Amino acid sequence: MPGAIHAEGLVKTFGRVKALDGVDLDVPEGTVLGLLGPNGAGKTTAVRVLTTLIRPDSGKAVVAGLDVLKQPNEVRRSIGLSGQFAAIDEYLTGRENLRMVGQLYQLTARDAKRRAGELLERFNLADAADRTAKTYSGGMRRRLDLAAALVVRPPVMFMDEPTTGLDPRNRLQLWEVIEELVAGGTTLLLTTQYLEEADRLAHDIAVVDHGKVIARGTSDQLKAQTGGERIEVVVHDRDGIPAAESLLARHSIPGAGAGPEGVTVEQHTRRLTVPVTGGAKLLAEVIRELDGHGVEIDDIGLRRPTLDDVFITLTGHAAEDEDAGTAEDAGAGPGKSGPGKKQKRKSRKQKKKEEAVQ
């Protein structure tokens, strides 16, 4: 039985750029799917399709039991959306913004006022509730936008990189809000570049690159694909790097995304990293080997794979890499990297055509 969010074979192109290339997704009710991928991978395009903002070229999608293409108005009444950029009225106060959203969802004036007060407290905005939003900092605007998406407690939520721009305290606070929502039965599709965010919140993770889902599983399963553990060594001086690299290469897991010998070397920091299995026992053995060969070290440790480890293994580049002409840039409009002006004009024309169809 399809989940609360279900997509099959979604394809979307912007001119010559294929933003989505046969994407399949399924999110069971009351769970969180983390959509993980580098900039331009297709995450935002997928969210825009699933929330009825654009139409796919082919494929089908069902959200909250409703066909996204045939029942867009009904879908919009059943979802909440927080996009990458804060969608708030800068000339209204924080309180007025939330009350307006509540009334647009046909809450009574009394209920909209009460809900606005609850959310302002929950997102640490009560002190600034009666200031105009244009006086808010970037992080405050982001929190206000997230609060607006939660005014009506929708059964299905879409959050597109919700914690970008938030400080650590507010990020943790938002994670707590999301966990409360999901515990209450809300289904969430969350796009993010932060593996720690997916670690904390997602029941399942789909890794997207170049418009395709290239891997899917739990956080632990994805980390296991890069080698479940890493040994990191910082040698005392650069002269010790070759010997350390040779010793570490003996313990490397083949094909785990590191260098040719299985060891990643950062010359400027004198840091070497190798994917391994064996835990603390192997770490102790490596320390003995380095000492036995006279390699002086400043630091050594065992850690889990990081976001970049997973991305480099699965996509061949780091999470923050941005390629000119990426799929999402193609539809992003002026001022973004992407195709030439002719291609941008074509994308805007196509976008107007899509909006007319809706």
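## Strand β11 and its partners

In this predicted model, strand β11 (residues 229-235) pairs with strand β13 (residues 271-276) in the antiparallel sense, over six bridges. Within that pairing, Glu232 stands opposite Thr273 of β13. Strand β14 (residues 297-303) is also joined to β11 by six bridges, and these two strands run antiparallel. Here Ile231 has Leu302 of β14 as its bridge partner.

β11 is mostly covered, with six of its seven residues buried.

## The six-stranded open sheet

Another element of the fold is an open sheet of six strands with mixed pairing, in the order β6-β7-β8-β3-β9-β10. Its edge strands are β6 (79-82) and β10 (212-217), each of which pairs on one side only. On average, neighbouring strands of this sheet are turned by 15° against each other, direction ignored.

Strands β7 (residues 156-160) and β8 (residues 187-192) pair in the parallel sense over five bridges. Met157 has Leu188 in β8 as its bridge partner. Helix α1 (residues 43-50) lies across β3 (32-36), β6, β7 and β8, and runs at about 150° to β8.

## Helix α5 and its surroundings

Helix α5 (residues 138-149) comprises 12 residues and reaches 17 Å from its first C-alpha to its last. This span is close to the 16 Å expected at 1.5 Å a residue.

Because 10 of the 12 residues of α5 are buried, the helix is largely enclosed by the rest of the structure. The buried positions are Gly139, Met140, Arg142, Arg143, Leu144, Asp145, Leu146, Ala147, Ala148 and Ala149. The elements that cover them include the strands β6 and β7, together with the helices α3 (94-104), α4 (109-122) and α6 (168-183).

## The crossing of α3 and α4

The crossing is right-handed.

## Leu69 in its loop

Leu69 is found in the loop between β5 (66-67) and α2 (72-77). With a relative accessible area of 26%, Leu69 is partly exposed, since a residue counts as buried under 20% and as exposed over 50%.

Leaving aside its neighbours within four places in sequence, Leu69 is in contact with Arg55, Pro56 and Gly59. The C-alpha atom of Leu69 is separated by 9.6 Å from that of Ile54, and these two residues are 15 apart along the chain.

## The chain as a whole

The chain contains 13 helices and 14 strands. Of its 358 residues, 48% are buried. Among contacts between residues at least 6 apart in sequence, 69% join residues at least 24 apart.

Technical notes
Residues are numbered from 1 along each chain as its sequence is written. This is a predicted model: local features need pLDDT of at least 70, side-chain atom pairs count only at pLDDT 80 or more; totals for chains, interfaces and linings use all residues. Side-chain values use heavy atoms; hydrogens and water are left out. Two strands pair if DSSP finds at least two bridges between them. Helices (H or I, at least four residues) and strands (E, at least two) are DSSP runs, numbered from the N terminus. Axes are lines fitted to C-alpha atoms, for helices over the stretch in contact, and angles run from 0 to 180 degrees between N-to-C directions. Contact means heavy atoms within 4.5 Å. The expected span of a helix is 1.5 Å times one less than its number of residues. Buried means under 20% relative accessible area, exposed over 50%, partly exposed in between (1.4 Å probe, protein chains only). A crossing is left-handed if the near helix is turned anticlockwise from the far one by less than a right angle, and right-handed if clockwise.
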